[in-house]
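Let's take a friendly walk through the packing inside this protein. Please have a look at the sequence and the model first.

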Amino acid sequence: MLKRGIRKWDLVFLIINSVIGAGIFGLPAKAFALSGPYSLLAFGVCAVVMLVLILVFMEVSSRFDKTGGPYLYIKEAFGAIPAFAVGWILMLTRLFSYATLINLLVIYMAFFSPIFQEEWMRILMIVGITGVLTGINLLGIKDSTKTTNILTISKLVPLTLFIVIGLFFLNQEAFDFSAPPPMPEFANTALLLIFAFGGFEAGLVISGEVENPRKNLPFALMTGALIITVFYVLIQVVAIGTLPDLATSDKPLADAATRVMGYGGGLFITIGAIVSILGTLNVQILSGSRLPFALSESQQFPKIFSFIHPRFRTPTVAVLFFAVLIIIVATVWDFMGSLAISVIARLLIYLLVCGSLIRLRKSQPNADYYKVKFGIPLAIAGIAATIWLLSSTQLEEITDMALWTALGFVIYGAHKIFSRKLEQ
C-alpha cells in the first residue's frame, strides 16, 4: 500500500507547481503573436474555463481516495475500456508535457551559453535531468514532496518580483485594443493557453498518497486555481507592457526582465524559469508514474507495474518505465510538437470527466461526496468549452493523437491476450 504522506498545503504547492511550469515562461509570446493585447482576454477566457472544470473536478474527485485520478472516475462512471483510454491519454499528457517543459528548459539554458543549442547537449540534458528526478521519486513520496515545496516557493519568488517591478515600467501604448484578432486565431490562442492552465489533475492522480483526500482535494484545487490565475494575468500584462518585440521572443520573461532590469534581471528570471521547470518536471514524473501503477492495479497493465518497493513504498517499476518513456518522447519531439499533443490529450480528459459528473450523480446519488452547486450545468458548460477549444486543432495534431491512442489499445489488447493464455 502506498504511503499517505501528502498534507493539505503540500497538495496546494504540488498543484501550483504542476500548473505554473514552463508554459508561462514561453507562451506569453506565442499568445501575443496570435492575438496581440487580446491575449489578455484569452487568458481570462481560459481562466473561466479552467474554473468551471476545476469545480467539476472538485466534486468528482471527492468520491475517490485511491491512486488514479480521472482514470478511476471514468472507470466508475463508464466502465473499463473507456477508463483505460483515459488512463492512457492521461499518461500521454504527462509524457508530452514533460517533453514540452524540458525542451523549453534547454532553450532557457541558452541564455548562459550557445552550447545548449547543440543537439547533443539537448539530449544530454534530457537524460541527466530525468535521471536525477527519477532517483528522487524512487526514494519516497516525502522526499519528492519536499522537493516540490522548495521548488514551488523558489519559482514564485522571481515571478513575484518580475510582476512588482515590471508594473512600474509599463508602456500604455502597447495595450492597443483597436484591432481584435480573427476568431480562429483567438480560439487557437485559448487552446495554447490551456497548456499553461492545465496540469491541476496531477494532484488528483496521487489521491492514494494524500491525507484525507475528500476534504483536502477540493480545498487545494480552488486555492491553487486562484493563486495561479492572479499570477498569469499579471505576468502577461507586464510582458505586453515592457517588451516591444514580445511576439518574436523565445524567452519572453527573461527578455522583458533584461529590458527593465538589465542583464542581472534577465539572469534572475532565467534561473527562476529553470527552477520552475524543474519543479514541474518533478511533478510530471511523480503523477505520471502512478498511472501505469493504477492501470496495473485494475489488471489493465502487467502485474509487475503494481510492484511497491518494500522500504521506500514507491511504485519502482512504474517510475522506471515512465522515466524511459519520457526520455524517448522528449528526445524525439520538440517544444511545439509536444505542446499540441499534450493540450489535445488534456482536453479529452476534461471532457470525459465532465461527463462522469453527470453519470455519477445519476448512478450514485446517495454517495458521500462534496456536492458542487449547479454541478450538472457546470459539467455541460465544461463539455461545450472543451469541444469549442478542440475545434481549433489541426488535422496533423489529431492524427498524432489518434495514433498514440491506438498504440495504447494495442498494448491493452496484447496484455489481455497474454493474460488469458497464462490462465489456461
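This is a predicted model: local features need pLDDT of at least 70, side-chain atom pairs count only at pLDDT 80 or more; totals for chains, interfaces and linings use all residues.

Which residues does Phe200 touch, not counting residues up to four places away in sequence?

In it, Phe200 touches Ile15, Val19, Met50, Leu53, Ile54, Phe57, Leu221 and Tyr350, once residues up to four places away in sequence are left out.

Phe200 also belongs to the largest nonpolar core, which has 128 residues. Together with Ile20, Phe162, Tyr232 and Leu281, Phe200 is one of the residues that touch the most other members of this core. Helix H5 makes the biggest contribution to the core, giving 19 residues.

## Aromatic pairs

Rings are worth a look next: the structure holds 12 aromatic pairs. One of them joins Phe43 and Tyr232, whose ring centres are 6.3 Å apart with planes at 80°, so this pair is edge-to-face. It bridges distant parts of the chain, with Phe43 in helix H3 (residues 39-61) and Tyr232 in helix H10 (residues 213-242), 189 residues apart. Phe43 and Tyr232 are both buried.

Another pair is formed by Phe84 and Phe301: the centres of their rings lie 6.5 Å apart and the planes meet at 45°, so the pair is tilted. Here too, distant parts of the chain are linked, as Phe84 sits in helix H5 (residues 80-109) and Phe301 in the loop between helix H13 (290-297) and helix H14 (316-332), 217 residues apart. Both Phe84 and Phe301 are buried.

Helix H16 (residues 375-390) has 16 residues, which at 1.5 Å a residue should span 22 Å; its end C-alpha atoms are 22 Å apart, so the two values agree.

Which residues of H16 are buried? They are Gly375, Leu378, Ala379, Gly382, Ala385, Thr386, Leu389 and Leu390. These residues cover an arc of only 130° around the axis, so they lie on the same side of H16.

## A buried threonine

Let's finish with Thr134, found in helix H6 (residues 119-138). Is this residue, Thr134, buried or exposed? With a relative accessible area of 7%, Thr134 is buried.

A polar atom of the Thr134 side chain lies 2.6 Å from the backbone oxygen of Thr130. Setting aside neighbours within four places in sequence, Thr134 is in contact with Ile285, Val319, Leu320 and Ala323.

Technical notes: Residues are numbered from 1 along each chain as its sequence is written. Side-chain values use heavy atoms; hydrogens and water are left out. Rings of Phe, Tyr and Trp (its six-membered ring) pair if their centres lie within 6.5 Å; planes under 30 degrees apart count as stacked, over 60 as edge-to-face and the rest as tilted. Helices (H or I, at least four residues) and strands (E, at least two) are DSSP runs, numbered from the N terminus. Buried means under 20% relative accessible area, exposed over 50%, partly exposed in between (1.4 Å probe, protein chains only). The expected span of a helix is 1.5 Å times one less than its number of residues. The arc is that of the directions from the helix axis to the C-beta atoms. A polar contact is a pair of N or O atoms within 3.5 Å; within protein, one must be able to donate a hydrogen and the other to accept it, and residues adjacent in sequence count only if both atoms are side-chain atoms. Contact means heavy atoms within 4.5 Å. A nonpolar core is a set of buried Ala, Val, Leu, Ile, Met, Phe, Trp, Tyr and Cys residues joined through side-chain atoms within 4.5 Å.
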